[in-house]
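Please work through each task before reading its solution.

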Amino acid sequence: MLDGEYGPAVAKSMELLVAVGKIFEAERLIPIESAHVSGVSYKNLGDAGLEFLEEQADMGARVRVNTTLNPAGMDLDLWMDLGVPEGFAVKQMRVIKAFKNMGIETTCTCTPYLVGHVPRFGSQIAWAESSAIAYSNSVIGARTNRESGPTTLASAITGRAPLCGYRLDENRAPQKIVVVNAKLRTPFKYSALGYLVGEKVGSAVPYFKGIFHPDLDSLKALGAALATSGGIALYHIGGVTPEAPRFGEEALKGLEKISVDEKDLREISRRLSSEVKDPIICLGCPHCSLKELKHYSKLIRGRHLRQRLIAFTSRGVYEEAKKEGYVKDIEYAGGRVFRDTCMVVAPLKEMGWKEISTNSFKAAHYASSMGISTHLDTAEHILREVSA
Ligand code: F3S
């Protein structure tokens with residue numbers, strides 16, 4: 001591949017992987033089973049990124065493994081309803097076409113595992129998108145490093161990744177213990193916990209004690225927030241995640257312990273939340289599951305929203321939600337459900353957004369950094385307060 005026998009696109013991708021492997025002292029390259037590519041929004045790619053992708057596709061780059069795509073900067077059909085400028089939309093569609101030409105499934109979601117792309121336990125994959133990395137490593141037990149857009153694309157094109165980091169048993173062991181002394185009843189609380197712990201442990205592997213029966217939505221919120229304030233790619237929860245049984249009391253002996261209580265979670269929520277007057281309510285970071293859309297639709301069914309509500313999800317979940325009538329209930333109340341994008345990767349400034357209200361610490365973190373005032377609360381509070 002490196003010698004160009006499979007064409008210039010493959011050689012270029014292999015060059016990148018060999019360079020990364022050398023930096024991380026990988027012994028060899030290994031085959032991967034799937035890839036999830038990030039860096040899809042034209043907002044982040046710009047013209048240079050777009051040209052690179054088109055060039056790769058024109059050079060004959062084709063993926064060798066099942067490859068999915070992270071959210072784009074807009075709903076690919078309903079971008080006008082979202083208020084995305086036409087110039088942006090044209091460039092975004094060129095990005096999508098380039099990925100499609102490479103054989104990538106244009107799923108445009110950060111939750112590929114909710115739409116049928118679930119890796120096997122122990123399988124080697126190359127996923128980008130920090131929330132999906134945390135989920136696949138921790139909840140599913142697959143193995144990926146914190147890949148970037150370019151390295152994931154290179155792995156997809158070659159079907160290989162350097163054997164290093166979280167691909168190896170020895171780097172998957174817990175490094176800190178987090179004792180949770182708080183009742184975690186909503187994904188919002190898990191999101192707060194993740195953000196707080198991410199700040200405290202950086203990129204170490206935390207082992208949680210005191211978390212009982214979290215549902216899938218709570219785990220996706222936890223991982224997304226852990227990977228936002230920290231660089232966490234892998235966590236374990238005693239009695240919950242699949243690799244936790246490998247680490248008994250002996251393995252945990254001597255590790256630094258961090259405690260988190262209700263007061264800590266209240267404080268972090270206060271710290272990240274700003275005053276807002278007329279925010280757009282944004283739910284779905286990470287993208288909403290079917291269960292979440294069902295829950296939101298129930299909360300506002302037959303009511304009328306006084307503020308604009310947008311729920312972001314994947315196309316697969318949207319179709320299911322439409323069939324079940326959840327989309328209709330949300331729209332009847334005055335809300336909208338968009339696919340393919342989210343409140344972080346869409347060009348918010350150009351869309352004229354100034355304030356949002358959300359239940360996601362990840363969304364709050366990034367929106368605030370873009371100068372968008374962000375109010376944080378549970379989805380239940382937000383929706384009850386603005387509907388009559
Ligand atoms: Fe997904 Fe966008 Fe949040 S990509 S995790 S919804 S920032």
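**Exercise 1.** In which loop is Cys-108 found?

Solution. Cys-108 is found in the loop between helix 4 (86–101) and strand 4. Helices (H or I, at least four residues) and strands (E, at least two) are DSSP runs, numbered from the N terminus. The model is predicted: local features need pLDDT of at least 70, side-chain atom pairs count only at pLDDT 80 or more, and totals for chains, interfaces and linings use all residues. Residues are numbered from 1 along each chain as its sequence is written, and side-chain values use heavy atoms, with hydrogens and water left out.

Next, consider the backbone. Cys-108 is not a glycine, yet it has a positive phi of about 50 degrees. Most residues other than glycine have a negative phi, and most peptide bonds are trans. The bond from Cys-285 to Pro-286 is cis, with omega near -5 degrees; Pro-286 lies in strand 10.

**Exercise 2.** Determine the strand order of the three-stranded sheet and identify its edges.

Solution. The open sheet has the order 3-2-4, with parallel pairing; two strands pair if DSSP finds at least two bridges between them. Strand 3 (66–69) and strand 4 (126–127) each have a single partner strand, so one side of each is left without a neighbour in the sheet. Four bridges link strand 2 (residues 34–37) to strand 3 in the parallel sense. Within this pairing, Ser-34 has Asn-66 of strand 3 as its bridge partner.

**Exercise 3.** Describe the four-stranded sheet and the helix that packs on it.

Solution. The order is 8-7-6-9 in an open sheet with parallel pairing. Its edge strands, strand 8 (236–237) and strand 9 (256–261), each pair on one side only. Strand 7 (residues 206–209) runs parallel to strand 8 and is joined to it by two bridges. Tyr-207 has His-236 in strand 8 as its bridge partner. Helix 10 (residues 262–272) packs on the sheet, touching strand 6 (176–181) and strand 9, where contact means heavy atoms within 4.5 Å. The direction of helix 10 makes about 75 degrees with that of strand 9; axes are lines fitted to C-alpha atoms, for helices over the stretch in contact, and angles run from 0 to 180 degrees between N-to-C directions.

**Exercise 4.** Which element gives the largest share of the shell around the ligand?

Solution. Strand 10 (residues 280–288) contributes three residues, the largest share.
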